[in-house]
Amino acid sequence: MSNANPLMPQMATILDIIAETPEIKTLRVSGKDGLPFDFMPGQCAMLSVLPVGEAIFSITSSPTCRDCLEFSIKKTGKVSNSLHSLEPGQQIGIRGPYGNGFPVEEMKGKDLLFIGGGIGLAPLRSLIGYCFANRDHYGQIDIVYGARSPADMIRKSEVKETWAGQPNTKVHLTVDAEFPDWKGHVGFVPTYVTELAFTPENKVAITCGPPIMIKFVLQALDKLGFAPEQVITTLEMRMKCGVGKCGRCNLGPVYVCKDGPVFSLAELNELPGEY
Amino acid sequence: MKKMITTDNLTELWARLAEESTLYLPVQDGPMVLFQPWQEGVQVDLEAFNSAVSPKDIFLPREETYLNYRCSGQALELDAVEDDRAITAFGIHPCDLKAIEMLDRVFIEQDPPDNLYQKRRENTTVVALSCTNPDPFCFCGVFDVNPLDAPGADVMAHLVDGSLHLEARTEKGKALLEKAGDLLEDSTVDIAKREVKTADFGLNVKGLPEDLKSRFEDPVWDELYKSCLSCGVCTYVCPTCYCFDVEDYGHEAKGERFRCWDSCMFGHFTQMAGGHNPRPSRKERVRQRFMHKLQYYHEAYGEIACVGCGRCLRSCPVNLDIVQAIKALGGEKVEQR
């Protein structure tokens, strides 16, 4: 055999399933011997449930976590619904890693501003974990995370305790509306980012969330003086192959699965906005 | 090595090739000519116009199963399905072989190689057939296609005066001719003297890909798509279209995963779970198809992804073919007055 079929999944086992919110579960998945493959933050994997199908998900664990891959998955389509119905011990198919990942080298020495909304925290969490594991390489870290309600926040204790307890790090949480048990900030993420008045000097902003949130976050960052080169986001598209051949995830000549999913705003500005 | 075989002996040649390989050739099937596996009694037509559907399916089948699965309790078993057949592709026109070479760039050269495609390509001996009687819909004159010669062929064949003249170009080609040694005679016909008139329908695509780079929002796109029915036939017949889908078929205990042709003309092609669709209407989908042929592919590989085979002109029910698109985008010769 000259090459392995790039569409052929390998076997993986679900070790554990954590219910995050009514709609989101985090699956912990391992290959035959530990990690099914090495990866970098921001990369994705195809998960298979036979005979339901295959779909692409961002890896939410940090590559520094060596015993399993984690996927925080919102019940949305056929495959995600089916993944939600599984129990620990179940074997599934996995292939990857796909995509470019975040530019961790170029980000070295910079202050980092993470802006996540809802399930959009999932890809950021991989990078956040990586940065904490390599804390000396990065400056001040600010994490803005918002959800519709306190019950819709994922990885709550990790966000509030582990992340907030890291050196030179601030966590800013917000929810869309007032809730009886919520003492924190209330308001949409883009407005909160404006209120917090982050300065762009020596900073990289990394954002992911619902398209409407991203749209207004980009406007807010622009007003705060962030240049397009300083703003990074990660896209999602329907994908079937993950290797730039099946034809559905392109923005002009660029394939989100292999050339993305991570793009700077400067790069996106040069591409057709078909996402 | 230049040889010839009389057409009387072709059936014997095909029978011999089909013993050791799956032999695809242009076969009359009802009202159409299609590339199909040879079997005794099929009506092969080497003088036919381009086949109704391109021979790309020899390498990228309309559907192919690539894994079988079994589930028992929580356990899952995955078995790869591989295609190890030796293949002979006989009677491929130069335009179609050039299109296959365009697919090679995507499926073989662009990392990671698609080994399903690559293996078939490596296991295939291509006998290309020169084309002296282009279809009235053909316009290969616009592109870098010589209907009398296919540079990538293992054997280049020419039908002249009731004989098929065969020139082996590669080791695989020589091996094929050796197998048929007793059926062949030396050829003395001077192939170079043949001529063929190709059409260009007044098109001039020079500079068009570069020009289109900044024309994603061109008003042309607001009009061009309007007649499109989203039937997808253009993508099915096109020799350079290669989009595919991956689906599962089976039940909880066992089944298979296959890939099959898909089409960027279909609404669900880019429809995401949750409902969002980056190409929500026919406008975006028609633009995607023509921009891919004329600009995106060119940007990636330096060539327009069209060989002028004429199939979309022949098949589109509303004449929204690539010639119409190129004209609408200004890719026409300036008339000399």
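## Chain A: overall form

Chain A has a radius of gyration of 18 Å, which agrees with the value near 19 Å that a compact globule of 275 residues would have. The structure described here is a predicted model. Along the principal axes, the C-alpha trace of chain A spans about 55 × 45 × 35 Å. Its secondary structure comes to six helices and 15 strands.

Of the 275 residues of chain A, 52% count as buried. Contacts between residues at least 6 apart in sequence are counted next: in chain A, 72% of these join residues at least 24 apart.

## Chain A: domains

Chain A is divided into domain 1, residues 10–98, and domain 2, residues 111–234. The centres of these two domains, taken over C-alpha atoms, are separated by 24 Å. Their contact takes 15 residues from domain 1 of chain A and 14 residues from domain 2 of chain A. On the side of domain 1 of chain A that touches domain 2 of chain A, five residues are nonpolar, eight are polar and two are charged.

## Chain B: overall form

Chain B contains 10 helices and 12 strands. The radius of gyration of chain B is 22 Å, close to the 20 Å given by the globule rule for 337 residues, so chain B is as compact as a globular protein of that length. The C-alpha atoms of chain B fill a box of roughly 80 × 65 × 35 Å along the principal axes.

Buried residues make up 42% of the 337 residues in chain B. Among contacts in chain B between residues at least 6 apart in sequence, those joining residues at least 24 apart amount to 69%.

## Chain B: domains

The domain assignment of chain B gives two domains, each made of two segments: domain 1 covers 2–53 and 82–193, and domain 2 covers 208–252 and 259–328. Taken over C-alpha atoms, the centres of domain 1 and domain 2 of chain B are 28 Å apart.

Contact between these domains of chain B involves 20 residues of domain 1 and 17 residues of domain 2. The residues on the side of domain 1 of chain B that touches domain 2 of chain B divide into 14 nonpolar, two polar and four charged.

## The interface between the chains

The contact between the chains involves 44 residues of chain B and 37 residues of chain A. On the chain B side, at least two residues each come from strand S4 (63–72), strand S5 (75–80), helix H2 (94–109), helix H3 (115–122), S11 and H8. S11(B) gives the most to this side, with seven residues. By class, the side of chain B that touches chain A has 26 nonpolar, 10 polar and eight charged residues.

## Helix H3 of chain B

Helix H3(B), one of the elements that supply residues to the side touching chain A, is mostly covered, with six of its eight residues buried. These buried residues are Asn115(B), Leu116(B), Tyr117(B), Lys119(B), Arg120(B) and Arg121(B). Within chain B, they pack against S4, strand S6 (87–92), H2 and strand S7 (124–129).

## Helix H8 of chain B

Helix H8 of chain B, residues 282–301, also supplies at least two residues to the side that touches chain A. The helix has 20 residues and reaches 26 Å from its first C-alpha to its last, close to the 28 Å expected at 1.5 Å a residue. H8(B) bends by about 60° at His292(B).

H8(B) is mostly covered, since 14 of its 20 residues are buried. Just after the helix, Gly302(B) takes a positive phi of about 75°.

## The loop between S11 and S12 of chain B

Glu252(B) is found in the loop that runs between strand S11 (244–250) and strand S12 (254–261) of chain B. Glu252(B) counts as exposed because it has 9 C-beta neighbours inside 10 Å, and the cut-off for an exposed residue is 12 or fewer.

Glu252(B) and Arg70(B) are 182 residues apart in sequence, yet their C-alpha atoms are 8.0 Å apart in space.

Definitions and conventions
Residues numbered from 1 in each chain as written. Chains lettered and ligands numbered in written order. Predicted model: local features only at pLDDT ≥ 70, side-chain atom pairs only at ≥ 80, totals over all residues. Helix = DSSP H or I, 4+ residues; strand = E, 2+ residues; numbered from the N terminus. Expected span 1.5 Å × (residues − 1). Bend = angle between axes of the 7 residues up to and from the residue. Domains from an automatic or database assignment. Contact = placed C-beta atoms within 7 Å. Nonpolar A, V, L, I, M, F, W, Y, C, P; charged D, E, K, R; others polar. Rg over C-alpha atoms; globule rule 2.2 N^0.38 Å.
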